[in-house]
Amino acid sequence: MAATAPATAATAVSFSLPSAPRGRGPRSRRRAPSLLRAASTAAPPSSDLSIQLSPRASPPASANGAATGPPVVASFARDRAEDLQAEARAMARAVGATVYSPELLAARYGSRPFKVALRAAEVLSKLGAFGVKLLLDERRGDSSSAKRRERAVELRTILTRLGPTFVKIGQGLSTRPDLCKVEYLEELSELQDSLPTFPDEEAFACIERELGFPLDSMYSAISPSPIAAASLGQVYKARLKYSGKLVAVKVQRPGIEDAIGLDFYLLRGLGFLINKYVDIVTSDVVALMDEFARRVFQELNYVQEGQNARRFKKLYADKQDVLVPDIFWDYTSGKVLTMEWIEGVKLNQQAAIESQGLKVLDLVNIGIQCSLRQLLEYGYFHADPHPGNILATPEGKLAFLDFGMMSETPEDARVAIIGHVVHLVNRDYEAMARDYYALDFLEPDVDVSPIVPALKNFFDDALNATVSELNFKTIVDGLGAVLYQYPFNVPAYYALILRSLTVLEGLALYADPDFKVLAASYPYFAKRLLTDPNPYLRDALIELLFKDGRFRWNRLENLLVQGRQDREFAAKDALQPVLKLLLGPDGEELRVLVVKEAVRVTEAITIGTLIGSYNSAPEFLKPLISSGNPAGPFKFSEAEREQMMELRDQVFRVWGLLRSSNNFYPSLLQPIVQVLQDPEARVLGSRVAGGVTQRLAARLLQQLLRIPPASGSQ
């Protein structure tokens with residue numbers, strides 16, 4: 001769907017289509033492929049993806065003067081009603097699109113035993129030979145990482161040779177740490193969809209058949225050969241005849257439905273055998289196969305892909321640095337998809353990106369923030385974010401392409417993931433283990449107590465540094481080892497989350513070996529924890545900020561600093577929901593903590609201010625103020641004095657961050673003042689005032705009687 005920067009200059013291919021003749025539409029449809037064949041043989045395909053185009057021609061007309069081409073109004077210029085009508089027409093063209101149904105596959109291939117047997121023999125001979133090698137390795141006791149790597153490379157080669165279905169399955173397995181060990185995950189993640197192209201004549205005939213018009217009535221020019229090919233289809237670059245708009249035209253591979261249907265019919269039968277006889281596999285293989293098959297069959301409906309792109313654009317292209325191509329519905333059907341052409345460079349081509357004055361890390365950060373919004377804010381996300389589907393545009397935007405495989409994260413899981421990060425930061429491994437219930441990794445009757453030591457053993461070693469310095473791939477590998485040992489069933493959405501973030505981190509590591517995706521993710525997590533009113537996240541925020549009854553001002557300061565890196569973050573948005581939680585019916589435990597902390601803060605500010613005033617007083621006055629005591633007028637230990645001054649400074653820094661956040665004005669505090677007028681708030685204020693009075697009175701008595709401070713008091 002996009003152009004990539006060529007490595008070397010090349011001669012552009014020129015190809016123009018004449019206007020359709022008047023009268024016989026069907027005859028002109030038969031002519032177009034021969035014209036294309038002539039153009040294809042006239043010049044070899046160029047490595048430069050651009051094409052030279054002819055001047056725009058007049059719209060073709062029939063003998064009675066009626067137009068024989070698609071509507072002349074450009075997709076990007078339609079109003080909403082016209083766009084919906086065009087989409088409805090595209091849906092009508094795709095009404096016969098195949099959907100995945102195990103029953104339909106059984107009916108179709110159950111009566112074709114010879115074809116099924118031939119394909120089964122091919123698949124079983126290759127995969128069976130591989131399975132025998134694995135058994136021999138196990139018998140010999142050769143389970144080294146090097147041997148697993150060797151076998152993983154063999155498996156990747158076998159899946160590539162078996163065709164599109166197995167390439168897709170291999171890519172799916174690369175996201176399943178509960179099914180594969182790390183060596184297989186890494187090798188299978190390198191699977192690419194690039195397969196031999198199918199004949200251009202078949203592609204052009206498919207376009208005409210699907211859209212119902214001759215090519216030369218739709219395009220003023222089209223590339224004579226595909227500019228990209230994948231397992232399910234191939235892409236051409238073209239210019240729409242009536243709008244002059246450059247587009248990418250994706251055409252489905254002929255016979256792909258039958259080939260994929262046959263493979264999934266066989267694999268589903270194999271899944272039943274695995275479920276019954278292979279104890280080492282704890283997941284339901286048939287259910288996994290059905291879920292994956294549904295996703296692949298959805299990719300075969302290009303109208304559905306267009307609708308996915310439209311939804312993705314609505315949710316995420318509101319950011320100025322994220323670009324999603326428009327869909328041209330009048331040129332789209334179940335097997336043909338026409339999208340806006342995006343000029344850009346693949347995100348893994350660092351030299352080409354930097355030659356345009358762009359920085360890979362800036363683009364990766366855009367991708368991380370967008371991915372986090374996809375995965376944790378709206379829950380609708382791009383499930384195939386390999387480098388070829390993410391481009392850097394010359395303007396510095398990040399363009400997302402190929403929306404055939406999308407997925408959704410359940411709302412409960414979205415907040416549970418954020419809470420899981422908090423438990424990781426706090427090294428609360430028991431809470432982490434319990435999170436797996438909410439994440440739907442484990443059945444409620446599974447005992448998580450044996451999992452806690454495994455998490456502790458891994459993360460205590462991995463977290464020698466702070467969490468933000470931890471490599472994300474290290475977490476994936478470590479969790480993968482844990483998931484592989486215990487009865488986990490990793491939901492597809494979570495596996496795809498891991499893949500998405502791992503891909504982005506891998507791209508960043510090309511540019512900066514020290515890059516840490518978790519550190520780049522902190523601003524988003526900070527913003528969500530501070531501003532999301534969800535009760536679960538409010539509890540997670542309290543867990544993060546309080547320890548042993550003490551408030552962690554340094555963590556709040558860090559959250560505010562990280563949150564400010566998000567342009568839309570406004571700290572004021574965090575104040576009112578926190579106050580509502582504090583004053584709500586379930587806030588008594590928090591109120592006790594807040595009263596205690598408010599007393600400490602008031603004391604620190606009051607006494608710290610007095611100490612500061614004493615220190616700034618003229619030297620000749622200090623003996624009078626301190627009654628000649630060289631240590632000063634206050635009878636505090638040095639450690640206690642430093643703690644109070646540090647607390648006061650932290651509180652002032654946090655207040656400064658709040659005041660300097662986006663759109664912060666004193667008038668914005670009015671709703672908070674209204675909350676504080678609630679009866680519960682007045683009671684809370686009285687409790688704070690009483691506590692402060694008692695604490696200051698005790699301090700004053702301590703000073704007057706020269707009582708030395710108790711050990712460890714603050």
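Of the 714 residues of the chain, 51% count as buried, where buried stands for under 20% relative accessible area, exposed for over 50% and partly exposed for what lies in between, with a 1.4 Å probe and protein chains only. This is a predicted model, in which local features need pLDDT of at least 70 and side-chain atom pairs count only at pLDDT 80 or more, while totals for chains, interfaces and linings use all residues. Residues are numbered from 1 along each chain as its sequence is written, and side-chain values use heavy atoms, with hydrogens and water left out.

The chain has 28 helices and 17 strands; these are DSSP runs numbered from the N terminus, helices being H or I of at least four residues and strands E of at least two. Among contacts (heavy atoms within 4.5 Å) between residues at least 6 apart in sequence, 74% join residues at least 24 apart.

### Charged side chains

A search of the whole structure finds 26 salt bridges, a salt bridge being a side-chain nitrogen of Lys or Arg within 4 Å of a carboxyl oxygen of Asp or Glu. Three of them are set out here.

| Pair | Closest N to O |
|---|---|
| Asp137 and Arg151 | 2.7 Å |
| Glu408 and Arg311 | 3.3 Å |

In the salt bridge between Asp137 and Arg151, Asp137 lies in helix 4 (residues 113–140) and Arg151 in helix 5 (residues 145–162), so the pair ties together parts that are 14 residues apart in sequence. Both Asp137 and Arg151 are buried, and both belong to a network of salt bridges that also links Lys133, Arg140, Lys147, Glu150 and Glu154.

Glu183 counts as buried at 3% relative accessibility, whereas Arg148 counts as partly exposed at 21%.

For the salt bridge of Glu408 with Arg311, the former lies in strand 15 and the latter in helix 12 (residues 302–316), so that parts 97 residues apart in sequence are tied together. Glu408 is partly exposed, with a relative accessible area of 45%, and Arg311 counts as partly exposed at 36% relative accessibility.

Leaving aside neighbours within four places in sequence, Glu257 is in contact with Thr98, Tyr109, Gln252, Phe297, Leu300 and Lys335.

### Positive phi values

Most residues other than glycine have a negative phi. Asp402, in the loop between strand 14 (398–400) and strand 15 (406–408), has a positive phi near 60 degrees and is partly exposed, with a relative accessible area of 21%. Asp440, in the loop between helix 16 (429–438) and helix 17 (451–462), has a positive phi near 65 degrees and counts as exposed at 52% relative accessibility.
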